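Hello,

Please find the structure below, as promised. My notes on it follow.

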Amino acid sequence: MRALRSALLALALLMPVAAGAVQPEEVMKDPTLEKRARAISSGLRCLVCQNQSIDDSDAPLARDLRLIVRERLRQGDDDDSVLRYVVQRYGEFVLLRPVVAWHTAFLWLTPVLVVGLGGLALFATSRRRKASQPKALSAAEEAAVADLMRRAESR
């Protein structure tokens, strides 16, 4: 038991600690600007990893995007202007949360459609099961079952 605890402790100490990928040299001196940069970066997708924000990614392209965000903020751009600049340069795919617009309506409505169709399928299946009640056995079938039961009991 003691060896198991020691092994678990060693594994826990060896596990990497989850931390953002922002390097110390990237951090802005102005805490307000840094907070805005982090807020913007957390909503931008790493184009290499595609499953992480640029704030969490160690990819060189994510670092470049973080630097672009910080540079635009230093130049005095507001948050919306920075986002527009990045989207204009890299496309809407860079946004972790897609925009709500006509060209993304299918993306937003698909979950609703899937759940709705699943609900309809369940409803139709339950109605069909209720409608198909088993038929009662005929007299000949009941006699055959009784005969089989007697044969099984006599063995």
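**Notes on the model**

Ser 41 is buried, with a relative accessible area of 0%; buried means under 20% relative accessible area, exposed over 50% and partly exposed in between (1.4 Å probe, protein chains only).

This is a predicted model, in which local features need pLDDT of at least 70 and side-chain atom pairs count only at pLDDT 80 or more, while totals for chains, interfaces and linings use all residues. Residues are numbered from 1 along each chain as its sequence is written, and side-chain values use heavy atoms, with hydrogens and water left out.

**Helix α2**

Ser 41 lies in helix α2. Helices (H or I, at least four residues) and strands (E, at least two) are DSSP runs, numbered from the N terminus. Leaving aside neighbours within four places in sequence, Ser 41 is in contact (heavy atoms within 4.5 Å) with Ser 53, Ile 54, Asp 55, Arg 66, Val 69 and Arg 70.

The buried residues of α2 are Leu 33, Glu 34, Ala 37, Ile 40 and Ser 41. Seen down the axis of α2, they fall within an arc of 125°, so they line one face of the helix; the arc is that of the directions from the helix axis to the C-beta atoms. These buried residues pack against α3 and α4. The face of α2 turned away from its buried side carries the exposed residues Pro 31, Thr 32 and Lys 35. At the start of α2, a side-chain oxygen of Asp 30 reaches to within 3.1 Å of the backbone nitrogen of Thr 32.

**The core**

A nonpolar core is a set of buried Ala, Val, Leu, Ile, Met, Phe, Trp, Tyr and Cys residues joined through side-chain atoms within 4.5 Å. The largest one has 16 residues, of which Ile 40, Leu 44, Ile 54, Val 69, Leu 73, Val 86 and Val 94 touch the most other members. Two or more residues each come from α2 (31-41), α3 (60-74) and α4 (79-90), and the largest share, 4 residues, comes from α3.

Ile 54 sits in the loop between α2 and α3 and is buried, at 0% relative accessibility.

**Salt bridges**

With a salt bridge taken as a side-chain nitrogen of Lys or Arg within 4 Å of a carboxyl oxygen of Asp or Glu, the count comes to 8. Arg 38 forms one with Glu 34, the closest N and O atoms being 2.9 Å apart. Arg 38 is partly exposed, at 34% relative accessible area, whereas Glu 34 is buried, at 9%. Glu 34 also meets Arg 70 in a salt bridge (2.8 Å, N to O). This pair links distant parts of the chain, with Glu 34 in helix α2 and Arg 70 in helix α3, 36 residues apart. Arg 70 is buried as well, at 1% relative accessibility.

Another salt bridge joins Asp 147 and Arg 150 (3.6 Å, N to O). Asp 147 and Arg 150 are 3 residues apart in helix α6 (residues 139-154), separated by about one helical turn. Asp 147 is partly exposed, at 26% relative accessibility, and Arg 150 is exposed, at 52%. Salt bridges that share partners join Glu 34, Arg 38, Asp 55 and Arg 70 into one network.

Regards

Methods. Polar contact = N/O pair within 3.5 Å; in protein donor to acceptor, adjacent residues only side chain to side chain.
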